[in-house]
Amino acid sequence: PETSVIETRHLEKTALDMVKEEDPESYQAAIDHGVEIIPLDNGNTYGAWWQPEDFDAEKDIILVTLHGHGGWAVKDFEVWYPELTQRQYAFFGVQWWLGRSLEDEGYYDIPEMYELIVNGLAAKGITSGNIVLEGFSMGSARSYGVVLSDRIAKNNLFDITIANAGQWEDGYPLYADVLAEKYGKTPFANTKWVLFCGEKDENEYSSYFVHVCDGMEHTKDVLTTLGGNVDLFIKDPN
């Protein structure tokens, strides 16, 4: 974007520096498997890009991931690697935590997250296409806003979104605006979703739904009301 929504940061250690210190095994495993590190936000953070042989950006599927609370994009790659190789999907993991405070100030906000995705994909010459967006936990809870940002920008990057164990929170400022119809009655019209939760998963710190599957049931209701299509909802009893 010509006008960046990312605030200027002056970090003594970048997110890449931090992951090399905090999780060197995942970083090295990613590099050993051919991951390309793409600098983002003037090098303060990064995206982890991987593609299979004979990758065709015009038609092949790309998995874009948003890690969870205190997570690393290179760890996402390590987790997803068996599926990527089996299905021959490309991968782009976005490092949206800066590797320090685990509070909100340690993270990029939703418009910034979306800009990181757009800029990282543009660096690989991808502006639209067959993209699956996946968010885990806190990344899942922010994925709804990232999809909304894409709708507002009219880029239509995401074909379907997997929201993994991170619920819609009515009181989150952007989501409260959505429920107040600031973005119309059905801002998620024609969006497609897969929801996942584990039935033994609980979040004692949640001010909304302690049982994660209850929160994801609420998420399904909200997305459907706002025009989204929940194509699959997996509740894992184990």
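**Backbone exceptions, aromatic pairs and overall build**

The model is a predicted one, in which local features need pLDDT of at least 70, side-chain atom pairs count only at pLDDT 80 or more, and totals for chains, interfaces and linings use all residues. Residues are numbered from 1 along each chain as its sequence is written, and side-chain values use heavy atoms, with hydrogens and water left out.

What makes the backbone of Glu181 worth a look is a positive phi of about 65°, although Glu181 is not a glycine. Most residues other than glycine have a negative phi. The loop between α6 and β7 also holds Asn190, which has a positive phi of about 70° and is likewise not a glycine. Asn190 counts as exposed, at 66% relative accessibility.

Turning to the aromatic side chains, the whole structure contains 17 aromatic pairs. Here, rings of Phe, Tyr and Trp (its six-membered ring) pair if their centres lie within 6.5 Å; planes under 30 degrees apart count as stacked, over 60 as edge-to-face and the rest as tilted. The rings of Trp50 and Tyr81 have centres 5.9 Å apart and planes at 80°, so this pair is edge-to-face. It links distant parts of the chain, with Trp50 in strand β2 (residues 45–50) and Tyr81 in helix α3 (residues 73–87), 31 residues apart. Trp50 is buried at 8% relative accessible area, whereas Tyr81 is partly exposed at 23%. Tyr114 and Phe158 form an edge-to-face pair, 6.4 Å centre to centre with 75° between the planes. This pair joins helix α4 (residues 110–123), which carries Tyr114, to strand β6 (residues 158–164), which carries Phe158, across 44 residues. Tyr114 is buried at 7%, and Phe158 is buried at 14%. Ring pairs also link Tyr144, Trp168, Tyr172, Tyr175, Phe188 and Trp193 into a cluster.

As for the overall build, the protein has 7 helices and 8 strands. Of its 238 residues, 47% count as buried. Contacts (heavy atoms within 4.5 Å) between residues 24 or more positions apart make up 74% of those with a separation of 6 or more.

Technical notes
Helices (H or I, at least four residues) and strands (E, at least two) are DSSP runs, numbered from the N terminus. Buried means under 20% relative accessible area, exposed over 50%, partly exposed in between (1.4 Å probe, protein chains only).
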